[in-house]
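Work through the exercises below with the sequence and the model open. Each task is followed by its solution in steps.

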Amino acid sequence: MIRDILRMGDARLLERSREVAAGDWPALAALLADMRETMHARDGAGLAAPQVDVRLRVVIFGVERSARYPDAEPVPWTELVNPVITPLDTTMEDGWEGCLSVPGLRGIVPRFSHIGYRGLDAQGKAIEREARGFHARVVQHECDHLDGILYPMRVRDFARFGFTDVLFPESAGIDE
Ligand code: NI
């Protein structure tokens with residue numbers, strides 16, 4: 001089922017989501033199925049549970065290499081429960097971001113360029129990975145949602161924040 005996505009300005013997006021506990025697992029498969037359907041219906045690169053009004057630490061993301069997004073590096077399809085991020089380098093890099101909760105806009109956001117992340121998959125198996133570049137960016141963006149942080153809260157240069165179709169008249173862009 002496609003769920004409504006909360007939009008910026010809704011105080012529910014600013015709450016900290018809680019860890020998935022043992023009692024939450026039975027309902028998780030249905031939540032993840034709805035999140036996948038909702039994200040794909042909106043052509044997103046990722047989605048966090050609080051965006052569909054469920055304040056649990058659950059995120060999904062993935063980007064295939066496609067003609068539509070020629071500049072996007074592929075990001076492996078991932079469903080991540082109780083994620084934890086560890087920066088592996090202090091280097092930050094700027095990059096464009098969008099968000100399904102902030103439709104129609106893009107901004108430049110500084111993110112750690114090299115991270116480790118871990119968590120559990122949909123079956124409860126451990127996932128542990130290293131990520132760089134766009135992959136690292138998507139993970140940091142989605143996990144921020146779990147702490148009530150939307151990407152505009154990290155924008156430093158509002159001279160490079162604006163409407164997608166004005167900034168990038170040629171491209172549809174990706175929303176996270
Ligand atoms: Ni987002």
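**Exercise 1: the cores**

The largest nonpolar core has 18 residues, and F61 and Y117 touch the most other members. The model is predicted, so local features need pLDDT of at least 70 and side-chain atom pairs count only at pLDDT 80 or more, while totals for chains, interfaces and linings use all residues. Residues are numbered from 1 along each chain as its sequence is written, and side-chain values use heavy atoms, with hydrogens and water left out.

Step 1. Apply the term: a nonpolar core is a set of buried Ala, Val, Leu, Ile, Met, Phe, Trp, Tyr and Cys residues joined through side-chain atoms within 4.5 Å. Buried means under 20% relative accessible area, exposed over 50%, and partly exposed in between (1.4 Å probe, protein chains only).

Step 2. List the elements, where helices (H or I, at least four residues) and strands (E, at least two) are DSSP runs numbered from the N terminus.

Step 3. Helix 2 gives the most, with 6 residues.

Step 4. Another core, of 16 residues, lies apart from this one; L56, I60, V81 and L100 are among its members.

**Exercise 2: an aromatic pair**

Task: Which type of aromatic pair do W96 and F168 form?

Step 1. Rings of Phe, Tyr and Trp (its six-membered ring) pair if their centres lie within 6.5 Å; planes under 30 degrees apart count as stacked, over 60 as edge-to-face and the rest as tilted.

Step 2. The whole structure holds 4 aromatic pairs. For W96 and F168 the values are 5.0 Å centre to centre and 85 degrees between the planes, hence edge-to-face.

Step 3. Locate the partners: W96 is in strand 4 (residues 92–99) and F168 in the segment after helix 3 (164–167), 72 residues apart.

Step 4. W96 is partly exposed at 31% relative accessible area, and F168 is partly exposed at 25%.

**Exercise 3: helix 1**

Task: Which residues of helix 1 are buried, and what do they pack against?

Step 1. The buried residues are L28, L31, L32, D34, M35, T38 and M39.

Step 2. With contact meaning heavy atoms within 4.5 Å, these buried residues pack against strand 1 (46–48), strand 2 and strand 3.

Step 3. Just after helix 1, D43 takes a positive phi of about 55 degrees.
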